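Subject: Structure handover and notes

Dear colleague,

I am passing on the structure below, together with my notes on what was found in it. Please read the notes with the structure open beside them.

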Amino acid sequence: MPTVYLDHAATTPLDERVLEAMLPYLKENYGNANSLHNLGQKAKVVVEEARQKVAELIGAESNEIIFTSGGTESDNAVIKGVLAVSGDKKEVVTSELEHHAVLHTVELAKMQGIKPVFAKPDKNGLITPEAVADAITENTALVTLMHVNNEIGTINPIAEIAEVCKEKGVQLHSDTVQSLGKLPIDVKELGLNFLSGSAHKIYGPKGTGIMYVKNGSRWIPWMQGGSQERRRRGGTLNVPGIVGFAKALELAVDEMDDHKKHFEKLRTQLLEKLEQTLDFNYQINGSKNGVPHILNLSFSDNEGNFIDGEMLLLNLDIEGICVSNGSACTSGAVEPSHVLSGLGMEDGLANSSIRVSFGKQNTEEDVHYFVEKLDAVLKRMFTVA
Ligand SMILES: Cc1ncc(COP(=O)(O)O)c(C=O)c1O
């Protein structure tokens with residue numbers, strides 16, 4: 001068990017109340033929701049109740065919610081399903097700061113002759129409505145832009161982007177994996193055709209997600225199989241996961257304001273403690289007005305030497321602290337995070353970053369422990385280097 005877990009943008013622990021709601025469907029009520037017998041019909045009823053609840057919580061109709069295996073599947077299903085029926089329209093507008101579930105899907109679509117068009121972020125990592133307007137052409141099949149960035153916490157102005165898309169007659173998808181349950185989401189107010197969401201970022205089970213598909217959207221199902229989800233996503237329904245998703249979202253929405261206040265307090269405490277304690281330079285990457293629970297930080301000494309973010313992460317791990325960094329090890333070489341590179345950051349600075357993401361159980365003591373250990377680890381690392 002870590003002493004201090006500060007990696008909630010990667011995943012969250014299961015809330016006890018979610019587990020309680022799921023348990024009957026893992027144990028005695030194990031029926032297949034497609035079976036006609038009593039056990040199957042019981043499962044079907046709870047799935048439909050969960051669908052209704054999720055729909056209400058995001059301002060959708062219940063027949064617009066499709067349960068999936070998570071954010072990655074939902075992103076794939078939306079993009080592939082739109083491109084399959086986009087005819088002569090062969091361009092997808094997105095940004096270089098998207099999650100790989102979107103970026104790699106768009107990349108693969110190049111094999112079908114699809115052209116990705118990247119809307120440019122501003123210096124804080126925001127995609128402005130103007131940048132989207134510039135990127136849309138008469139060949140645009142879809143605009144896909146995330147609501148909250150998972151590495152730097154920036155919040156894209158989705159409702160304003162939707163206005164642009166509406167004016168140009170282009171469908172809009174938003175990956176809301178990092179914002180669902182953290183920010184108020186009403187699909188009508190946001191002007192979305194499609195949305196992706198995931199349970200494990202909001203104290204729900206892993207491997208469970210949703211896709212919102214507005215009625216009347218130009219889209220076909222990507223996952224073929226049985227008649228589940230009104231033939232829009234084949235596969236035996238994950239009944240406990242679906243029940244867990246609805247419960248996790250309900251709790252997250254109910255407790256959203258309290259969590260936000262809690263995260264703002266922790267963020268302030270962290271920044272104050274960094275100012276008081278740290279003998280090194282740090283900078284916050286991305287907008288300072290993003291979601292309060294995600295903070296991306298880079299570190300350097302007084303001579304301008306950057307720390308190696310991956311080594312920093314591993315050293316903090318030894319102290320019982322879990323954070324993450326954006327860089328990826330590709331064929332033996334450490335590549336900087338595509339998000340930080342997409343912001344125009346040079347490799348040294350980008351590679352020196354770590355992401356701290358708070359959760360509801362974190363305390364002021366956690367913040368203090370983290371900063372004290374961080375300072376000690378940085379001292380050790382800079383001395384050795
Ligand atoms: C923005 C974003 N999109 C998609 C995903 C993938 O979601 P899942 O893990 O449910 O497949 C993540 C997970 O980190 C994410 O942060």
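Strand S2 (residues 65–68) pairs with strand S8 in the antiparallel sense over 4 bridges, where strands and helices are DSSP runs numbered from the N terminus, with at least two residues (E) for a strand and at least four (H or I) for a helix, and two strands pair if DSSP finds at least two bridges between them. This is a predicted model, in which local features need pLDDT of at least 70 and side-chain atom pairs count only at pLDDT 80 or more, while totals for chains, interfaces and linings use all residues. Residues are numbered from 1 along each chain as its sequence is written, and side-chain values use heavy atoms, with hydrogens and water left out.

S8 itself (residues 209–213) is mostly covered, with 5 of its 5 residues buried; buried means under 20% relative accessible area, exposed means over 50%, and partly exposed is in between, using a 1.4 Å probe and protein chains only. In a regular strand the side chains alternate between the two faces of the sheet. In S8, Gly-209, Met-211 and Val-213 point one way and Ile-210 and Tyr-212 the other way, and all are buried.

The loop between S7 and S8 contains Tyr-203, a residue that has a positive phi of about 65 degrees although it is not a glycine. Tyr-203 is buried, with a relative accessible area of 7%. A positive phi is also found at Glu-229, where the value is near 50 degrees in a residue other than glycine; Glu-229 lies in helix H8 (residues 228–231) and, at 6% relative accessibility, counts as buried.

Next, the ligand. Of the 13 residues around the ligand, Gly-71, Thr-72, Asp-175, Ser-198 and Lys-201 come nearest, a residue being near a molecule or strand if one of its heavy atoms lies within 4 Å of it. The residues of this shell divide into 2 nonpolar, 8 polar and 3 charged, on a scheme in which Ala, Val, Leu, Ile, Met, Phe, Trp, Tyr, Cys and Pro count as nonpolar, Asp, Glu, Lys and Arg as charged, and the others, Gly among them, as polar. Helix H3 (residues 71–83) supplies the largest share of the shell, 3 residues. A backbone N or O atom of Gly-71 lies 2.8 Å from an oxygen atom of the ligand, a polar side-chain atom of Asp-175 lies 2.6 Å from a nitrogen atom of the ligand, and a polar side-chain atom of Lys-201 lies 2.6 Å from an oxygen atom of the ligand. The protein covers 86% of the 390 Å² of accessible area that the ligand has on its own, as computed by the Shrake-Rupley method with a 1.4 Å probe; for residues, only the protein chains shown count as cover.

Turning to strand S10 (residues 294–300), which includes Ser-300, 7 of its 7 residues are buried. Both of its faces are covered, with Ile-294, Asn-296, Ser-298 and Ser-300 on one side and Leu-295, Leu-297 and Phe-299 on the other. S10 pairs in the antiparallel sense with strand S9 (residues 281–284) over 4 bridges, and Asn-281 has Ser-300 as its bridge partner in S10. Another 5 bridges join S10 to strand S14 (residues 353–357), again running antiparallel, with Ile-294 opposite Ser-357 in S14.

Why does Ser-300 count as buried? Its relative accessibility is 12%, which is under the 20% limit. Not counting residues up to four places away in sequence, Ser-300 touches Phe-280, Asn-281, Asn-305, Phe-306 and Phe-382, where contact means heavy atoms within 4.5 Å.

Lys-379 and Phe-280 are 99 residues apart in sequence and 8.5 Å apart in space, C-alpha to C-alpha. Lys-379 is found in helix H14 (residues 364–384) and is partly exposed, with a relative accessible area of 35%. A polar contact of 2.6 Å joins the side chains of Lys-379 and Asp-375; such a contact is a pair of N or O atoms within 3.5 Å, and within protein one must be able to donate a hydrogen and the other to accept it, while residues adjacent in sequence count only if both atoms are side-chain atoms.

With best regards
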